[in-house]
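Hi everyone, thanks for coming. I'd like to walk you through one model today, so let's have it up on the screen.

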Amino acid sequence: MSSSDCEAVALSPGAIRDEMARAFQPIIRAFLVPVFLFYLFIGIPHLLLRSPADAALLFSLSTLTAAIALYLRRSLRLEEAGFARLELIGAGVLLLIYLNTCAVLYVDFHPSNLIYFLLLMMLASTVGISNRVVAGVSVITLATMLALAYLLGPDSFFYFSFVSLAGAFSAIGLAVLMRGAISKAVRSRLLAERLRERAERQADFDALTGLPNRRNFFATLEQLIGDERALSAGLQVGIIDLDGFKPVNDLYGHAVGDDLLVEVGRRIRQTCPPDHLVARLGGDEFALAIGRPLTEDGLIRLGSAICETLRRPFVVSGVDISISASVGFARYPENGQTVRQIYERADHALYRAKRQTRGDVVVFSECHEAEMSDLGRIEQALRSCDLVKELSLAFQPQFDLMRQRISGFEALARWESAALGKVSPDLLIAAAERTGMMERVTGVLLEKALAAAAAWPKEISLSFNLSVIDLVSSRSIGNIARIVDDSGIDPERLVFEITETAVMTDFERARDSLGVLAARGCRIALDDFGSGYSSFAYIHRFPLHRIKTDRCFLTRLAEDDAVGRTLLRAIADLSANLGLECLAEGVETQEELRTVQSAGIRYVQGYLFGKPMGIVEAGERIAGQASTESRRAF
């Protein structure tokens, strides 16, 4: 781990002591086993070979030592001991061994038995959790040994002095090496855990404003809707969108725009009661979650107060800025039964607020429900269009930094409607999902993508996005599998990309669907990793081959360079530990590329390496790459 990581996360002495205790507890428990067995069985020869008085002394002391060792081992198995307790246990057991040694010498003194004190020093260096235990026991044993050697005469004292010196150096060396290695491992584990926890916390909060982010917001909504009390208490969701923010960015730059967003978040937070959740969903969009009853008039008053406070001029970096905001509200359970339904209706209310009069507040109602059904032009156009003729694909290159070559292309849907003209991919997918045409759309796009990939070299992969409908429909997955089989393309060249949100819609069905594709040899990529609201714990539960980081992690570099780098490194380490490839999406600058490389990420995608292009241009890029590699070969 880099020094910047160590500086970013402070490790308290108390935390280090606790981890040292966890590391030493199994060592001391294991040490107590031979102590118990030795002093249990050594009592037998004491009874058989010693005089009654000596046998009583030695047998009692050895039995007591064995009993204490057994009791301490059982207590350490049942509960986790702290540093001080382990220190006391280690010192106590070592002193008991010391007393047994002294007792044996008292009963039957032989100069050669003095070597037992050296063995006791080595034991202390192994099981003593702290230096003071090692030093204390060593001093006592050395002093006793030398005192007894002194009584034997100068020659014995001289001999045992040299022996004790060698033993002391060995014991100290062993203690230093062993505790140094354990301490280093403990610090590394603690630091990794702190960085992971820090990254997870930062993943729930917007680095710019400090407010809960999109992931946090939707996770909270899921919890509130899952709480039966929400049915009686009510849940209101509001979406706040700034009017006039983009010109601020264009005119004064992103730095001023970021400062403005910070001030906007502060004003919204101050306007709302403390129990209202205020979040930043992204860009200039904020959201509210209100977990207590509010009438329609109450919502309008709250929304109007927010709009009013945001209308007041801002002074940012010495610049006077005036913006406004529009707010849309929806209520659970009146306007929907799921997070998605409530959010869509709040979003539609916001759309109405912006379309009516910017700076307005709209609460979703039955008339808006009817209006949503009237916004079906796109859906109708999709139903009546010639999908094969009107749907096409753009291909964005994915680059292998290690081999310095294009490793594959991501296929991106395009729709030029005969009735409506160009329709954005998001609207195409949304319309296809609502109309039940997702299976047909996916099938047409996948066949075209596979036909294009058939002309590419075998080492060039094809990434294809699957929607939530594809994942939860066994029929759709069956159709996808059939198309792959009929294409003749090596399945290992195919990478199906899915999002966290799509997976979490119906996790079990999604996992089964991905299992069908993975069984054929197709690879699976988790797209926009970190932008959804699923848990890290779910990642290992479905077949994955690649993680694609969300663009937001690179944009955070401009907001907080240390945070952005830490998050990317954490994701790269997570991918490596899980045996997955890691691809950074949205790389647009050389600085972002350097950050990605320093995080240990091998694959990248973004405008720096190529914008989405047509099939002809994609073929030309591949041919150009092959030509360059051929020239290098010569």
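Before the strands, a word on terms: two strands count as paired if DSSP finds at least two bridges between them. The helices (H or I, at least four residues) and strands (E, at least two) are DSSP runs, numbered from the N terminus. What you see is a predicted model, where local features need pLDDT of at least 70 and side-chain atom pairs count only at pLDDT 80 or more, while totals for chains, interfaces and linings use all residues. Residues are numbered from 1 along each chain as its sequence is written, and side-chain values use heavy atoms, with hydrogens and water left out.

Let's start with strand 11. Of the 5 residues of strand 11 (residues 461–465), 4 are buried, so the strand is largely enclosed by the rest of the structure.

In what order do its 5 strands run? The order is 2-3-1-6-7, in an open sheet with mixed pairing. Its edges are strand 2 (277–282) and strand 7 (361–363), each of which pairs on one side only. On average, neighbouring strands here are turned by 20° against each other, direction ignored; the axes behind that are lines fitted to C-alpha atoms, for helices over the stretch in contact, and angles run from 0 to 180 degrees between N-to-C directions. Strands 6 and 7 pair in the parallel sense over 3 bridges, with Gly328 opposite Val362 in strand 7.

Some backbone details for those of you who check torsions. Which peptide bond is cis? The one from Tyr332 to Pro333, with omega near 5°. Pro333 lies in the loop between strand 6 (324–332) and helix 14 (339–356). Ser317 is not a glycine, yet has a positive phi of about 55°. That serine sits in the loop between strand 4 (314–316) and strand 5 (319–321), and counts as exposed at 56% relative accessibility. Gln404 has a positive phi too, near 55°. Gln404 is in the loop between strand 8 (391–400) and strand 9, and is partly exposed at 46% relative accessibility.

On to helices. Helix 6 (residues 115–127) has 13 residues and reaches 19 Å from its first C-alpha to its last, close to the expected 18 Å; that expectation is 1.5 Å times one less than the number of residues. Its buried residues include Phe117, Leu118, Leu120 and Met121.

Finally, the surface. Leu37, Leu40, Phe41, Ile44, Leu47, Leu48, Leu49 and Phe59 make a nonpolar patch of about 810 Å². Helix 3 (43–49) and helix 2 (13–41) each supply at least two of its residues, and helix 3 gives the largest share, 4 residues. Phe59 belongs to helix 4 (residues 52–78) and is partly exposed, at 31% relative accessibility. Patch residues have over 30% relative accessible area and no salt bridge, with like charges joined within 9 Å and nonpolar side chains (Val, Leu, Ile, Met, Phe, Trp, Tyr) within 5 Å. A salt bridge is a side-chain nitrogen of Lys or Arg within 4 Å of a carboxyl oxygen of Asp or Glu.

Methods: Buried < 20%, exposed > 50% of the residue type's maximum accessible area, 1.4 Å probe, protein only. Areas by Shrake-Rupley, 256 points an atom, 1.4 Å probe, with all protein chains shown as cover.
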